[in-house]
Amino acid sequence: MFENALPAPITLVEFAERIRCVCALYDCTVTSWCRTEDRNAAVGGSDASKHRLAAGSLAVDLVLDDASVKSDMLEGVKRLGMRWLDEGDHIHVQALPPGG
């Protein structure tokens, strides 16, 4: 389940800027972002995945260069109005689309 956060609806441009800030502040890499329906199915993504182009691409998977900053990064994501889910080998981060 996602950590508690009440993300305000944001645009794709706002989401991209927030992700850029997270990556710059916490030295992390985006490993997955925009997916076609075929790619989403191939990686086992849900039909409701926010990674999908049709869903607005308001989700990313991030990998930290230094795992010791994970708790700080997760708090930063939350402060920026996004939700996160620690999936073990990466952190899934998403925001709600406008009106979502």
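In which helix is asparagine 40 found? Select residues 37-42: this is helix H2, and asparagine 40 is in it. Keep in mind that you are looking at a predicted model.

**Stop 1: asparagine 40**

Is asparagine 40 buried or exposed? It is buried, because its relative accessible area is 2%, and the cut-off for buried is under 20%. Now show what touches asparagine 40. Beyond its neighbours within four places in sequence, asparagine 40 is in contact with Arg35, Gly45, Ser46, Ser49 and Arg52.

**Stop 2: the whole chain**

Zoom out and colour by secondary structure. The protein chain has three helices and four strands. Trace them from the N terminus: the order is α-β-α-β-α-β-β. Of the 100 residues, 36% count as buried. The chain exposes about 5,700 Å², and carbon and sulfur atoms supply 54% of that area.

**Stop 3**

Select the four strands together. They form an open sheet in the order S1-S2-S4-S3, with antiparallel pairing. Why is one side of S1 and of S3 left without a neighbour in the sheet? Strand S1 (28-32) and strand S3 (83-86) stand at the edges, each with a single partner strand, so one side of each has no neighbour there.

- Start with S1 and S2: they run antiparallel and are joined by four bridges. Pick threonine 29, then find its bridge partner in S2, valine 63.
- Go on to S2 and S4, also antiparallel with four bridges between them. Select valine 60; its bridge partner in S4 is valine 93.
- Finish with S3 and strand S4 (residues 91-94), where four bridges join the antiparallel strands. Here tryptophan 84 stands opposite valine 93.

Stay on strand S2 (59-64) for a moment. How many of the six residues of S2 are buried? Five are, so the strand is mostly covered.

**Stop 4**

Select residues 12-26, helix H1. H1 lies across S1, S2 and S4. Its direction is at about 5° to that of S2.

Next, click on aspartate 27, in the loop between H1 and S1. Its phi is near 50°, a positive value in a residue other than glycine. Most residues other than glycine have a negative phi. Aspartate 27 is partly exposed, because its relative accessible area is 47%.

**Stop 5: helix H3**

Select residues 70-79, helix H3. Which residues of H3 are buried? Met73, Leu74, Gly76 and Val77 are. Look down the axis of H3: its buried residues fall within an arc of 160°, so they line one face of the helix. An α-helix has 3.6 residues a turn, so residues three or four places apart point the same way.

Show the surroundings of that face. The cover over the buried residues of H3 includes H1, S2, S3 and S4. Step past the helix to glycine 81, which follows H3 and has a positive phi, near 80°.

**Stop 6: histidine 90**

Where is histidine 90? Look in the loop between S3 and S4. Histidine 90 counts as buried because its relative accessibility is 17%. Show its side chain together with that of aspartate 89: a polar contact of 2.8 Å joins the two. Setting aside neighbours within four places in sequence, histidine 90 is in contact with Asp61, Leu62, Val63 and Leu85.

**Stop 7: lysine 50**

Last, select lysine 50, in the loop between H2 and S2. With a relative accessible area of 21%, lysine 50 is partly exposed. Lysine 50 and alanine 95 are 45 residues apart along the chain, and their C-alpha atoms are separated by 8.5 Å.

How values were computed:
Residues are numbered from 1 along each chain as its sequence is written. This is a predicted model: local features need pLDDT of at least 70, side-chain atom pairs count only at pLDDT 80 or more; totals for chains, interfaces and linings use all residues. Side-chain values use heavy atoms; hydrogens and water are left out. Helices (H or I, at least four residues) and strands (E, at least two) are DSSP runs, numbered from the N terminus. Buried means under 20% relative accessible area, exposed over 50%, partly exposed in between (1.4 Å probe, protein chains only). Accessible areas come from the Shrake-Rupley method with a 1.4 Å probe; for residues, only the protein chains shown count as cover. Two strands pair if DSSP finds at least two bridges between them. Contact means heavy atoms within 4.5 Å. Axes are lines fitted to C-alpha atoms, for helices over the stretch in contact, and angles run from 0 to 180 degrees between N-to-C directions. A polar contact is a pair of N or O atoms within 3.5 Å; within protein, one must be able to donate a hydrogen and the other to accept it, and residues adjacent in sequence count only if both atoms are side-chain atoms. The arc is that of the directions from the helix axis to the C-beta atoms.
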